Amino acid sequence: MCFRKNIVIPLSLILILSCKQLPQKSVVQYQGFQISKQVPVDSAFIRFLVPYGNQLKSSMGKVIGRSENGLYKKQPESEIGNFMADAVKDMSEKKYGKKVDAAFVNYGGVRSYIAKGDVTVGQIFELMPFDNLVIIQEIRGAVLQQFLDVTALDGGWPLSGLTMEIKNKKASHILIGGKPIDRDVVYSIANSDYVANGGSNCSMLKGIKQENKGYLLRDALIDYAISRTEKGKSIDSNLENRVVNANE
Amino acid sequence: MQTNRRKFIEQTAAAGLGLATASLMPQKVAAFKKASQFTILHTNDVHSRLDPFPMDGSRNQGLGGVAARASLITGIRKEKEHVLLLDAGDIFQGTPYFNMYKGEPEIKAMSMMGYDAATMGNHDFDAGIENFANQLLHASFPIVICNYDFNGTALEQKTIPYQIFKKGNTKIGVFGIGIELQGLVPENLYEKTVYQDPIIMANRTAEILKKEGCNMIICLSHLGDKYEDSKVSDEILSKESYDIDLIIGGHTHRFFETPRKYQNKRQNEVLVNQVGWAGIQLGQLDYNISSYNTSKTPSSKSIFIVNKTTK
């Protein structure tokens, strides 16, 4: 296949070899540009965004509370996660008019943070941009254990009403309402429809009856923030060892 | 329109092939002498981040935004003759722009920036498959994806498996690979879309591109860079591949310090890169290829990465 092969027969072997060894050499120069404030802006794009932005500001700019410390995302437990899971527990109990044993938010669904200062509707949209619904399922302790194992394998999910340890990538020392989990007890669990439909590897929840009032998870967060503000509380939360890594 | 474009690609490819066989020797000599230079610019997981992050004291404050990215791209295009601008999916979802406008300003801004191709991420299904098809009416670039079968959905005939670009003396084939949708995207959003094995489809498509005479084959992948378990990733795809030169990745939102290098099935080197998310970074890969090996048999390709300081 080498084009010089045919020139002189005695040399062909050497040439085949040399051709074979002739590599295609690529030099790739890599540069990762940070798109920072120092990069000048293209004004055509600023003009392009104005009409979209103006309409957004009127609906998204509404202030619904204030955060003193700011809430950020991390695992196994985070301030923002506790805020969200508490919102799901509190608001689902109100919306569905029943006691909920535990509430969950999938970690991958925590999409943003809340900065210190005024909290706007727009920030909640960034935190929970998906149109997921808050649903309730009645599940047995054995299934709950399987579900918690998935959250443990994923590094720990935001939760409320329950505490657990992550040991060897499994959920252990699970306490619900302060009591150890019982395989045969049926628990009332608030979750997003995304997870309950088997999303984020939660196939064990799929097919279990859901109580669904079409209540958006994002609306639960907004309603919870407003109710805290009305009670004179800020949009803050603390780390309380709800989920801890046992191996550390 | 799409079928016309596909026909056009096929025709150009056929014409190119005819030329190569007709004048084999001079072409080969020319190919050996001519070095080739081109630049790949890329983003992934921009997630509707049209404005920079707000100045609120958070880690990413002031970063990103299409207005700054556009001016950076314009500057690079002035400097470099042969530029391809690519995106590895998850264009949608993450700011209220998406909740309100369902992706219209995102697609329009990418068209204004002159994107050459993009693939689909899982979140691009978030407002439904029909919505994505509708937003594509605003796109001046193709969506390349070869392992989703959209038959019987609104996206049928609206995407293409690959696109071939001629940049100087380099023929660049760009194709796309999407992630498994089941368990990740609600079924009512992706509807009848059939996910096909990414490794089989990627190798099949890359082989087609090689046969069409591409000297450079790029995979836009939304598989994710790598996982702790055996879930298919860019790392696995690169090792299982034969003809891919570069994988522009996404989904896992990782900022690579430098592109990763893997060996494929032919013991050639494959580069994998990913630039985090939210349009915080723009990746630039300047290729300088000494010669194109004219041999049809697999030859060794070595890639030397030179890192410039990140600006």
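Hi everyone, let me start with a term: pLDDT is the predictor's confidence in each residue, from 0 to 100. What we have here is a predicted model, so local features need pLDDT of at least 70 and side-chain atom pairs count only at pLDDT 80 or more, while totals for chains, interfaces and linings use all residues. As for names, residues are numbered from 1 along each chain as its sequence is written, and chains are lettered from A and ligands numbered from 1 in the order in which they are written.

Let's take chain A. Its mean pLDDT is 90, with 90% of its residues at 70 or more. Where does pLDDT stay under 50 in chain A? That happens over residues 1-21, and the model has 15 contacts for them beyond four places in sequence. By contact I mean two residues whose C-beta atoms, placed from the backbone, lie within 7 Å.

Chain A has 7 helices and 12 strands; these are DSSP runs numbered from the N terminus, helices being H or I with at least four residues and strands E with at least two. Of its 248 residues, 40% count as buried, meaning that 20 or more other C-beta atoms, placed from the backbone, lie within 10 Å of the residue's own. Among contacts in chain A with a separation of 6 or more, 76% come from residues 24 or more positions apart.

Now a helix pair. In chain A, the axes of α3 (residues 79-96) and α7 (residues 217-230) come within 9 Å and cross at roughly 90°. Axes are lines fitted to C-alpha atoms, for helices over the stretch in contact, and angles run from 0 to 180 degrees between N-to-C directions. α3(A) and α7(A) are therefore roughly perpendicular to each other, the word for angles of 65 to 115 degrees. Residues making the contact include A:M84 and A:V88 of α3(A), along with A:L221 and A:Y224 of α7(A). By class, the contact has 8 nonpolar, 1 polar and 2 charged residues. Nonpolar covers Ala, Val, Leu, Ile, Met, Phe, Trp, Tyr, Cys and Pro, charged covers Asp, Glu, Lys and Arg, and the others, Gly among them, are polar.

On to strands, which pair if DSSP finds at least two bridges between them. In chain A, β7 (residues 162-167) and β8 (residues 170-176) run antiparallel, joined by 5 bridges, and A:I166 stands opposite A:A171. They form a hairpin with 2 residues between them, and A:N168 in the turn has a positive phi of about 50°. β8(A) also runs antiparallel to β9 (residues 179-180), through 2 bridges, with A:L175 partnered by A:P180.

Strands β6(B) and β8(B) run parallel with 6 bridges, and B:V174 stands opposite B:I218.

Finally, how many residues does each chain give to the contact between them? Chain B gives 70 and chain A gives 44. On the chain B side, β12(B) gives the most, with 9 residues. That side has 31 nonpolar, 29 polar and 10 charged residues.

Notes. A residue is buried if 20 or more other C-beta atoms lie within 10 Å of its own, exposed if 12 or fewer, and partly exposed in between; C-beta atoms are placed from the backbone. Angles under 35 degrees count as roughly parallel, over 145 as roughly antiparallel, 65 to 115 as roughly perpendicular and the rest as oblique.
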